[in-house]
Amino acid sequence: MTDDMKKAAAFLKERDNFEILTHDYPDGDTLGSGYSLCLVLQQMGKNARVITTSVPKDFDFLKKGIVEQSFEAQTVVSVDVADEKLLGANREKYAGRIDLCIDHHLINRVEAPLKLVEGTAAANCAILFKLYKLMGVEITREIANCLYTGISTDTGCFRYTNTTSEIMRICADIIDIGCDTAYINKVMFETKSRKKIALEREVYDTIEYCFGDRCAIIAVTLDIQKKLGVGDGELEGLASIPRQIEGVEIGITMREKEPDEFKVSVRTNGSVNAAELCARLGGGGHSAAAGCSVNGSLEEAKEKLKAVVSEVL
């Protein structure tokens, strides 16, 4: 175990009254991290709650076992947050207040007195699994469900290049605890709402190929979101669509958050570093999956992205 992990374990044991921050547009890894840590801390007799933005209903099962507590916060922990600007609506309140940052992104810009960052970890939940083992806490079925959700979603159900023998051994231990893998796999990877199917059909019509078909771009504008009445739950997972196309090395998904403001997800197939690409636009992430924000109209934002893609191809 690293010194940072030992320090993080001691910190969590010593402190109390925790607020746990996730990133905006929360996914399985940040929510699995947040709720598992909340369960662990409450199991230790401490006060804890998760502070997040809107949570897709598919993730409601992660809250099982969480007790709502009333207390004055003293300690702030961020999980799977690479930059304070990713806190979204919670940024203003918590900027500069994070005491412990636990993250797995190669580039982490969070300013905190104590940081536990493992840039090679497949998922943030994998770091937390090792942390909980070091702390000697009981990993219950509810905690195991949270951890498995984070790991399985960040590895694409163990299909992405970040799937390692270590991550499979961790999941084997989690399964032995009694994790409900069949239920989680069905909810996360095999179930789609009618709205999600309608959205995917709409998105396929937006595909644009460029650079000799080595790059594919899809876009979800505000008009599309309004037309179909979709929210975060339906938008989750769209980033995998362009990368699945034969011959595509860079898959780009553009989601319009506000008028002329796009959240961009980049997925690559190994020949291009997604994190380096997004870093040129002020973002970051992992070698095969990263993100950034781009302003302008849809066409203007696309041109900015294409200019960066042309530099890395």
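Buried here means under 20% relative accessible area, with exposed over 50% and partly exposed in between, using a 1.4 Å probe and protein chains only. In a regular strand the side chains alternate between the two faces of the sheet.

A quick word on where this comes from. This is a predicted model, where local features need pLDDT of at least 70 and side-chain atom pairs count only at pLDDT 80 or more, while totals for chains, interfaces and linings use all residues. Residues are numbered from 1 along each chain as its sequence is written, and side-chain values use heavy atoms, with hydrogens and water left out.

Back to β7, then. It spans residues 215–220, and six of its six residues are buried. Strands are DSSP runs of E with at least two residues, helices are runs of H or I with at least four, and both are numbered from the N terminus.

Which strands flank β7? On the antiparallel side there is β6, residues 208–210, joined to β7 by three bridges. Two strands pair, by the way, if DSSP finds at least two bridges between them. C210 stands opposite C215, and the bridge partner of Y209 is A216. These two strands make a hairpin with four residues between them, and F211 in the turn has a positive phi of about 55°. The parallel partner is β8, residues 250–258, which six bridges join to β7; there, I217 stands opposite I252.

Zooming out, the open sheet has six strands in the order β6-β7-β8-β9-β11-β10, with mixed pairing. Its edge strands are β6 and β10 (284–285), each pairing on one side only. Helix α13, residues 298–312, lies across β6, β7, β8, β9 (261–268) and β11 (289–295), and runs at about 150° to β8. For that angle, axes are lines fitted to C-alpha atoms, for helices over the stretch in contact, and angles run from 0 to 180 degrees between N-to-C directions.

Now for the cores. A nonpolar core is a set of buried Ala, Val, Leu, Ile, Met, Phe, Trp, Tyr and Cys residues joined through side-chain atoms within 4.5 Å. The largest one has 52 residues, and L12, I102, L131, Y132, L147, I151 and I174 have the most contacts inside it. Helix α4, residues 124–135, gives the most to this core, with eight residues. What does L147 touch, beyond its neighbours within four places in sequence? Its contacts (heavy atoms within 4.5 Å) are S36, C125, L128, F129, Y132, I139 and I174. There is also a second, separate core of 22 residues, which includes I250, V264, V272 and V294.

On to the aromatics. Searching the whole structure gives two aromatic pairs. Rings of Phe, Tyr and Trp (its six-membered ring) pair if their centres lie within 6.5 Å; planes under 30 degrees apart count as stacked, over 60 as edge-to-face and the rest as tilted. F61 and Y183 are edge-to-face, at 5.5 Å centre to centre with 90° between the planes. F61 lies in the loop between β2 (48–51) and β3 (75–79) and Y183 in helix α7 (residues 181–190), so this pair ties together parts that are 122 residues apart in sequence. F61 counts as buried at 18% relative accessibility, whereas Y183 is partly exposed at 41%.

And why is the pair of Y148 and F158 called tilted? Because the ring centres are 6.0 Å apart and the planes stand at 50°. Y148 lies in helix α5 (residues 141–154) and F158 in the loop between α5 and α6 (165–177), so parts ten residues apart in sequence are tied together. Y148 is buried at 3%, while F158 is partly exposed at 22%.

Two arginines also meet rings. The charged end of R49 sits over the ring of F71, 3.9 Å from its centre, and R243 lies over the face of Y160, at 4.5 Å from the ring centre. The criterion is NZ of Lys or CZ of Arg within 6 Å of the ring centre and within 35 degrees of the ring normal.

Last, some backbone angles. Most residues other than glycine have a negative phi, and most peptide bonds are trans. Y25 has a positive phi near 45° and lies in the loop between β1 (18–21) and α2 (28–43). C157 has a positive phi near 55°, sits in the loop between α5 and α6, and is partly exposed at 25%. Thanks, everyone!
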